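Please look over the model below with these notes beside it.

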Amino acid sequence: MTTSDRRLPPDYHSHTILCKHAEGIPIDYARSAKANGLTSMTSTEHAPAPEPFSPGIRMTLDDFGLYHQWIREANSVEGIEVLLGIEADYYDDCEPFLEKWLAEHPFDYVLGSVHFLAYHRDRDHSLEGIWDSDDLEDIWSRYFARIQRLADSGLYDVVAHLDLPKKYKPVPDGAIIERTVKPALDRIAEAKMGIEINTSGFIHNPDEQYPSVTILSWACERGIPISFGSDSHQPQRMGAGFDRGVQAALEAGYTERAEYRGRERTMVPLIAVPD
Ligand SMILES: [Zn+2]
Ligand SMILES: [Zn+2]
């Protein structure tokens with residue numbers, strides 16, 4: 001079987017050098033995505049913020065023109081389409097800026113993320129021990145309370161890496177997960193948003209996609225659509241782990257996945273990736 005027979009779903013999550021912690025530019029990701037059997041990808045660089053808000057891990061406002069140009073140029077790679085996306089943090093009082101800025105650009109896909117339990121405008125969060133707490137329920141409660149507000153904001157199409165706290169801390173017991181995650185899923189469903197199956201979890205602890213199959217099955221019960229993202233910070237990782245990610249979605253009960261263009265969603269059948 002050749003890579004082109006693998007029928008991987010589109011990869012809706014990748015970065016560039018503009019966030020200062022990834023390699024390559026969209027054309028590098030497009031070439032690699034094509035080589036790995038993809039026919040569609042979306043670049044979702046970390047969105048700028050208007051003030052000195054963790055500038056060490058995101059593009060600047062002035063970078064956006066170049067970013068958009070790079071994406072147009074990446075479409076010169078034959079056999080793969082490259083869509084314009086963004087990964088925007090949900091932080092306190094982000095709404096006025098994001099509402100205006102997102103509307104000014106022709107995005108295909110807007111990912112909403114919570115990367116930290118607490119956001120401070122003037123700190124470089126990449127250097128902070130912001131996940132430090134010994135109380136797992138406190139961590140999951142605070143994180144998912146912010147996810148609820150993210151959903152209520154109406155700014156985003158899809159929530160990124162939904163159970164991210166497991167990257168930094170042990171997974172809590174099932175009752176804590178249920179108490180903290182289900183109310184957030186209800187709000188995501190009410191907001192008619194999707195969630196991503198983020199396969200970078202396979203290179204993090206505890207070696208599973210974000211979110212777990214249990215959480216995916218609760219999302220499936222609520223009719224929350226799924227899309228797939230590798231969260232690549234290196235071009236060669238495009239589409240990585242998608243076979244396992246699709247398997248997890250099927251196990252959770254999904255039969256369809258979402259595709260996006262111009263922030264409009266269409267549903268297509270979910271098909272296992274052949275070995
Ligand atoms: Zn992220
Ligand atoms: Zn990302």
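1. H161 is buried, with 27 other C-beta atoms within 10 Å. Here buried means 20 or more other C-beta atoms within 10 Å of a residue's own, exposed means 12 or fewer, and partly exposed lies in between; C-beta atoms are placed from the backbone. H161 is not a glycine, yet has a positive phi of about 20°. It sits in the loop between strand 4 and helix 5. Helices (H or I, at least four residues) and strands (E, at least two) are DSSP runs, numbered from the N terminus.

2. A word on provenance. This is a predicted model: local features need pLDDT of at least 70, and side-chain atom pairs count only at pLDDT 80 or more, while totals for chains, interfaces and linings use all residues. Residues are numbered from 1 along each chain as its sequence is written, and chains are lettered from A and ligands numbered from 1 in the order in which they are written.

3. K20 also deserves a look. Its phi is positive, about 70°, although K20 is not a glycine. K20 lies in the segment before helix 1 (26-35). Is K20 buried or partly exposed? It is partly exposed, with 14 other C-beta atoms within 10 Å.

4. Check the cis peptides. N205 and P206 are joined by a cis bond, with omega about 0°. The bond from Y210 to P211 is cis too, with omega near -10°. P206 is in the loop between strand 5 (194-198) and helix 7 (213-221). P211 is likewise in the loop between strand 5 and helix 7.

5. Helix 4 (residues 136-153) has 18 residues. From first C-alpha to last it reaches 26 Å, close to the 26 Å expected at 1.5 Å a residue; the expected span is 1.5 Å times one less than the number of residues. Just after helix 4, G154 takes a positive phi of about 70°.

6. Which residues of helix 4 are buried? They are I139, W140, Y143, F144, R146, I147, L150 and A151. These cover an arc of only 155° around the axis, which puts them on the same side of helix 4. The arc is that of the directions from the helix axis to the C-beta atoms. Their cover includes strand 3 (109-113), strand 4 (158-159), helix 5 (165-168) and helix 6 (174-190).

7. Helix 2 has W70, I71 and A74 as its buried residues. They fall within an arc of 100° seen down the axis, so they line one face of the helix. G65, Q69 and R72 are exposed on the other side of helix 2. Helix 1, strand 1 (40-46) and strand 2 (81-89) are among the elements covering the buried residues of helix 2.

8. The axes of helix 1 and helix 2 (residues 64-74) come within 8 Å and cross at roughly 30°. Axes are lines fitted to C-alpha atoms, for helices over the stretch in contact, and angles run from 0 to 180 degrees between N-to-C directions. P26, I27 and A30 of helix 1 make the contact with W70, I71, E73 and A74 of helix 2. Contact requires C-beta atoms, placed from the backbone, within 7 Å.

9. Helix 6 and helix 7 pack at about 35°, with axes 10 Å apart. V181, K182 and L185 in helix 6 meet I215, W218 and A219 in helix 7.

Terms used. Two residues are in contact if their C-beta atoms, placed from the backbone, lie within 7 Å.
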